[in-house]
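Reader: Please take a close look at one part of this model: the loops and the side-chain contacts around them. Keep it brisk.

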Amino acid sequence: MRTTTIGDLKILLPDLEPDDLDTTTDLGDRLTEALVNGAAWRGSHLEDVSVRSSMITGVDLSESTWEAGSLFGCEIIRTDFSGATLTGITIERCAITGSRFTGTRLTDVRLKDVLFDGCRFDYATFHRVAAAGSVAFSECTLTNGAWSSCRLPRIALRSCDLAGLELDSCQLDGTDLRGSRLHELKTPLDNLRGVTVDEDQLPDLTRLTVAALDLTVRNE
C-alpha cells in the first residue's frame, strides 16, 4: 500500500507494477489489472463499467459519457477527459496525474482517497460531487469552472489556480486552500466557512469580502 501526504492530508494510493499488468486497448464492461497506453476511446459511451487495479496512460476519453461504474486502485496519467460527462461513478484509491478535464461535467461523483496532481479542470462543472475520504487537488488549474451543491469537507486544494471558479451551496469546512490563487474566485462567503488559508491569501479574501458585502472603501 502506498500513501502520500498533501498538507495535513494522508491519501491511500495504488501501488502498481506495469510488469504485473496485462496490456490491452479493448474497453469492455470491466478492466482488471490492465495496462492501457495510448488507446483512442473518444466519444465512448460507458455504462456501469468497472476499472480496477489498472494503469491508464495517454488515453483519449474526450467527449465520452460514463454512467455509473467505478475506478478503483488505478493510476491515470496524461489522459484526456475534456468534454466528457461523468455521472454517478465512484473514484477510489486513485492517482490521476497530468490529465485534462477541460469542460468535463461531473455529477453525483463520489471520491475517496483520490489525488489529482497537475490536472486541468478549466471550465469543468461539479454538481453534487462528494468526498467520502481524503481527496486532494495539487497544482491543478480549476479556472472558470462551476461547483454546485458539492460536499467536499476537509479536502486539500493546494497550490491550485481558482481564478474565476464559481462556488454555489458547497460544503468545504476544513478544506486546505493554502498556496492557491484566490483572485477572482466567485463565491458567497458562506462557502468558505471553516477553510484554511495562509497569510499571503488574506488580501484576496479581503477583496472577496468587500465585494460580497458591497462595501464602500473610501480614503480620507
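Author: Helices and strands here are DSSP runs, numbered from the N terminus; a helix needs at least four residues and a strand at least two. On that basis, Ala-68 sits in the loop between β9 (65-67) and β10 (70-72). The model is predicted. Ala-68 has a positive phi of about 60 degrees, although it is not a glycine. Its relative accessibility is 31%, so Ala-68 counts as partly exposed.

The loop here runs between β7 (50-52) and β8 (55-57). Ser-53 is partly exposed, because its relative accessible area is 23%.

Now the charged contacts. Side chains of opposite charge can pair when their charged atoms come close. The structure holds nine salt bridges. One of them joins Asp-8 and Arg-178, with the closest N and O atoms 3.8 Å apart. This pair links distant parts of the chain, 170 residues apart. Asp-8 is in the loop between β1 (2-6) and β2, and Arg-178 is in the loop between β21 and α1. Asp-8 counts as exposed, at 74% relative accessibility. Arg-178 is at 24%, so it counts as partly exposed. Both residues belong to a network of salt bridges that also links Arg-158 and Asp-176.

Next, Arg-128 and Asp-108. Their closest N and O atoms are 2.7 Å apart, and they form a salt bridge. Here too distant parts are linked, 20 residues apart: Arg-128 lies in the loop between β16 and β17 (130-131), Asp-108 in the loop between β14 and β15. Arg-128 is partly exposed at 40% relative accessibility. Asp-108 is partly exposed at 35%.

Asp-204 forms a salt bridge with Arg-207, the closest N and O atoms being 2.2 Å apart. The two are three residues apart in helix α1, so about one helical turn separates them. Asp-204 is buried, at 16% relative accessibility. Arg-207 is partly exposed, with a relative accessible area of 46%.

Then the rings. The count comes to ten aromatic pairs. Phe-101 and Phe-116 form one that is edge-to-face: 6.0 Å centre to centre, with 90 degrees between the planes. The pair links distant parts of the chain, 15 residues apart, with Phe-101 in the loop between β13 (90-97) and β14 (105-107) and Phe-116 in strand β15 (residues 110-117). Phe-101 is buried at 3% relative accessibility. Phe-116 is buried at 3% as well. Phe-121 and Phe-137 have ring centres 5.6 Å apart and planes at 70 degrees, so that pair is edge-to-face. Phe-121 lies in the loop between β15 and β16 (125-127) and Phe-137 in strand β18 (residues 135-138), so parts 16 residues apart in sequence are tied together. Both Phe-121 and Phe-137 are buried.

Last, the surface patches. Asp-15, Glu-17, Asp-19, Asp-20, Asp-22 and Glu-33 form a negative one. Glu-17 is in the loop between β2 (9-13) and β3 (22-23). At 45% relative accessibility, Glu-17 is partly exposed. Leu-189, Leu-213, Leu-215 and Val-217 form a nonpolar patch, with about 370 Å² of accessible area together. Leu-189 is in the loop between β21 (166-168) and α1 (202-212). Its relative accessible area is 31%, so Leu-189 is partly exposed.

Conventions. Residues are numbered from 1 along each chain as its sequence is written. This is a predicted model: local features need pLDDT of at least 70, side-chain atom pairs count only at pLDDT 80 or more; totals for chains, interfaces and linings use all residues. Side-chain values use heavy atoms; hydrogens and water are left out. Patches are made of residues with over 30% relative accessible area and no salt bridge: like charges are joined within 9 Å, nonpolar side chains (Val, Leu, Ile, Met, Phe, Trp, Tyr) within 5 Å. Accessible areas come from the Shrake-Rupley method with a 1.4 Å probe; for residues, only the protein chains shown count as cover. A salt bridge is a side-chain nitrogen of Lys or Arg within 4 Å of a carboxyl oxygen of Asp or Glu. Lys and Arg count as positive and Asp and Glu as negative; His and the chain ends are not counted. The place of a charge is taken as NZ of Lys, CZ of Arg, CG of Asp or CD of Glu. Buried means under 20% relative accessible area, exposed over 50%, partly exposed in between (1.4 Å probe, protein chains only). Rings of Phe, Tyr and Trp (its six-membered ring) pair if their centres lie within 6.5 Å; planes under 30 degrees apart count as stacked, over 60 as edge-to-face and the rest as tilted.
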